[in-house]
Amino acid sequence: MPGQKSWKEWLLLGAILLLLLFAAPATLSEFRLNLLGKFLALAILALGIDLIWGYTGMLSLGHGVFFGLGGYCMAMYLKLQVGTAGTYQTDLPDFMTWNGLTQLPWFWKPMYHFWAAMLCAILVPALCATLLGFLTFRSRVQGVYFAIITQALALVASLLLIGQQPYTGGTNGITDYRTLLGFDLADNAVQKGIYVATVVVLALCYLFCRWIVRSRLGKVLGAIRDAENRLRFLGYDPVGFKVFVFAVSAALAGLAGALFVPQVGIISPSNVGIVPSIEMVIWVAVGGRGTLSGAVLGTLLVNGAKSAFSEEFPAFWLYFLGSLFVGVVLLFPDGAVGLLRAARKLAARLRAPAAPEPELREAEQETLR
Amino acid sequence: MTPTTFLVGQLFNGLSVSSILLLMALGLAITFGLMGVINMAHGELMMLGSYTAYVLQNLFVRQFGEQNFGGYFLVALPMSFVVAGLMGLLLERALIRHLYGRPLETLLATWGVSLILQQAMRQVFGANNVDVRSPNWLTGRWQPSAGLEFPHLRLFIIVFTALAIAGMYALLFRTNIGLKIRAVTQNRDMSACLGVPTAKVDAYTFSLGSGLAGVAGCILSLMGSVGPTTGQNYIVDAFMVVVLGGVGKLAGAIAGSFGIGECNTLFESFSTATMGKVIVFTLVILFLQWKPSGLFPSKSRSLD
Amino acid sequence: MPTSIIYLEGVTVSFDGFKALNNLNFIMYPGELRVVIGPNGAGKTTLLDVISGKVRPSEGRVIFGELTELSSLAEHEMAKLGIGRKFQTPSVFKHLSVYENLELACHQKSKGVFATLFSKRGERDKIFSVLEYIGLAEKAWHKAGALSHGEKQWLEIGMVVIQDPRLMLIDEPVAGMTGKETEKTGELLTSLAGKHSVLVIEHDMNFVRQIAQTITVLHEGTVLCEGALEKVQSDPRVVEIYLGREHKSHANH
């Protein structure tokens, strides 16, 4: 029984989608639209972090790795598209020739094909997360230990990328692309096309996550967050659920990376390490953990602030970001969405002091559809 | 070089790496192991210690000339403890005390603090790395036989770490304040009922752990150059030590740092430093399969 | 003799040398309502821990129903076999609604990842009938964390009931309940026995008198005495270690 609330929600979602699809490309400058496209790609990753952290309570500090895996897959495809048009005019990417390689490494070979690269961008992170998740969750590594282990993963992955320069491009990463599926990436219309694709993929990912968190599985995730060990006595094995949500969120991160790279034109270890990984968490925290709209909103807010700061006062960005971490933990644990809700509740109470709690009605409608 | 000298050399190098790890992890063993606080600013507290050494070095050079500046280090060790300890005290009073029992939240908040400290240090000392020179009495080396050499600096670090451990044990298990620290970290409510001033003890304990980070940073500054982001590079290693060792026991930190330190030097000698780290990380994950709560687990009957 | 529902043979559990259970033998038959009493530290909760898989015995065998050896199973596997448990301190999922707490507890064909992802959430009637019974229908959409202690007790009892297990392990159900609620809990447990086997741990002797059919007295990790209420009450050893203490403490009040 679709209530009035969910009807309103769909209307709002549709309006935002139309705004992003048509109004933004028509009004924003090339530079701003490109920036927005980049943020929307990152929002896909934030949805994944929200699933695992906001909904399931597991803090992953290694999502830069999954983002990077997806980004590198796409970058490999784009780099191979350059063909012999590079500086050295060989079949190999320039940095390989420069490093003395004469043959394409085996794991680069599938990336000649766009769809293979896309598939890898999603599946490789998911498989890595499945493996790591299975090993850690099976031995009942929980809470902060999971955070520390994933942080170590971020460190190790970035070190590996830097260290294996002939295969990964080292510190510089992989950059200088020409075409995507034959379209010139420098062409403004092509960039607009990628922007539109990003909006559509983000909308689909949002719906996918919405479906997950409203399913019975979504409630199991909430139970894991509240009292994982208690859940075992109800007949659920948390390990499978945790591996699942870790893998899904890694896949979303990989997809985000694949959409990010053609818009930004570079992927490097600096997108993968400890620092970017933990920064991703704050996007979700600022927007409001445990709400999907909060994840998207927070990504836009924090990254918008970041580019505004780096244009105006670069030296103060770290102070601001640092205060954001502290403030969101101490003062606004529910983030922007939490503030909006509190404001709405207050408004409702002022209007009709005796009315039943709106949140209860919403909870009912959400559960009994 | 005979196999024996190679082995002894390896063991020694491993031991000195382990000692540095242990010094870093010792502070964490207190703040994380005993108090359950994930202090991501631990690395920056170390850097505070390093920069203290740097400032004192420059002061001494100006005051006593290039030849006689070496005494600065004896002043720098206690000073770095005090500086980092005071910062820790401030951190605990202003932030951490609101977050006890929520480790993930302390992780995020202290990460924010670490960013702020980094930027502050960058603005005060510049973005480039600075060098802290060893005092002359630490620059020599001891050569007991051909092919074997033990730099004084590394010997000093090993001895200093051993003393620091002994001091920690004495403090925690032989003194009144140590008893209070253990009581509060084991059962806060009960201790409060028995009249232990828990808030005070929390502040002292956290500041003690922070001070130790400062000392570690002071010593570390002799091993390489120091920059605003240097601390960040060590934080993961230090946490891995505590996780491997098992949280809440000093013996765990000792065993963990020796395991990781020796393995790191061993694998580095066969491959590269990067691959050494990768292998060690993989081994730690595999080890946790076998012993999920580390080498020295603490048993508990509670549900979570 | 019918097959037992749960059978422990020579079970020992030690924590760092302290034997919480010491060579314990215990048997219960299907449909039985059994109350386990004993002073603090007698091993009552540890007994439930062993049966529900939270603690592994260092020695001995635990047999569930028709020869299922429990000691090699994980907690969730035991729960699937049909063992439900209510914990001593009520532990519910505090950020989920009361309704969702019961929904998760509901008996399912499969509680695997994909089954829960794709299954319909359609147990409304069943959940509301339990909600009515435990008196929480009004609060179905409240977060479970906002309930009072007694309400959480009821919710957890409801969760065990809706799980529909063959064996129910109920740890101190009436702590924090009013006299009337205690009586109602007693009625509920008595009515559940027969269809289910119910193992209750309780301190409240009035409650024990209300519901007890067979009582097992644990002391220092072993069974001290077992039988009907009158037999247990008149056993001098029980009076000495347990009831005597209660009488004394009543006298002090």
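Q: What volume does the largest cavity have?
A: In this predicted model, the largest cavity has a volume of about 110 Å³.

Q: And which residues line the largest cavity?
A: From chain A the lining takes A152(A), L155(A) and V156(A), while chain B supplies V236(B), D237(B), M240(B), I260(B), N264(B), K277(B), V280(B), F281(B) and V284(B).

Q: Which elements supply at least two residues of that lining?
A: They are α6 of chain A, together with α9 (230-245), α10 (250-270) and α11 of chain B, and the largest share, 4 residues, comes from α11(B).

Q: How does the lining of the largest cavity divide into nonpolar, polar and charged?
A: There are 9 nonpolar residues in the lining of the largest cavity, along with 1 polar and 2 charged ones.

Q: How many cavities of 30 Å³ or more does the structure hold?
A: The structure holds 2 cavities of that kind, and the second largest cavity has a volume of about 40 Å³.

Q: What lines the second largest cavity?
A: Its lining consists of F233(A) from chain A and, from chain C, S52(C), E75(C), M78(C), A79(C), I83(C), G84(C) and R85(C). Two elements of chain C, α2 (75-81) and β6 (83-86), each give at least two residues to this lining, which by class has 4 nonpolar, 2 polar and 2 charged residues.

Q: Back to α6(A) and α11(B): at what angle do they pack?
A: Helix α6 (residues 143-163) of chain A and helix α11 (residues 273-290) of chain B pack at an angle of about 155°, and their axes are 9 Å apart. Because of that angle, α6(A) is roughly antiparallel to α11(B).

Q: Is the crossing left-handed or right-handed, and which residues make the contact?
A: The crossing of α6(A) past α11(B) is left-handed. On the α6(A) side the contact is made by I149(A), A152(A), L153(A), L155(A), V156(A), L159(A) and L160(A), and on the α11(B) side by T274(B), M275(B), K277(B), V278(B), F281(B), I285(B) and L288(B). By class, this contact of α6(A) with α11(B) has 12 nonpolar, 1 polar and 1 charged residues.

Q: One more, in chain C: how do α3(C) and α6(C) pack?
A: Helix α3 (residues 98-105) of chain C packs against helix α6 (residues 149-163) of chain C at an angle of about 30°, with their axes 8 Å apart, and α3(C) passes α6(C) in a right-handed crossing. The contact is made by V98(C), N101(C), L102(C) and A105(C) of α3(C) and by L155(C), G158(C), M159(C), I162(C) and Q163(C) of α6(C); by class it has 6 nonpolar, 3 polar and no charged residues.

Definitions and conventions
Residues numbered from 1 in each chain as written. Chains lettered and ligands numbered in written order. Predicted model: local features only at pLDDT ≥ 70, side-chain atom pairs only at ≥ 80, totals over all residues. Heavy atoms only, no water. Axes fitted to C-alpha atoms, helices over the stretch in contact; angles between N-to-C directions. Parallel < 35°, antiparallel > 145°, perpendicular 65-115°, else oblique. Left-handed = near helix turned anticlockwise from the far one by under 90°. Contact = heavy atoms within 4.5 Å. Nonpolar A, V, L, I, M, F, W, Y, C, P; charged D, E, K, R; others polar. 1 Å grid on protein atoms, 1.4 Å probe; cavity = no way out; pocket = protein on both sides within 12 Å on 5 of 7 lines; lining within 4 Å. Points joined across faces, edges and corners; volume = space filled by probe spheres on them.
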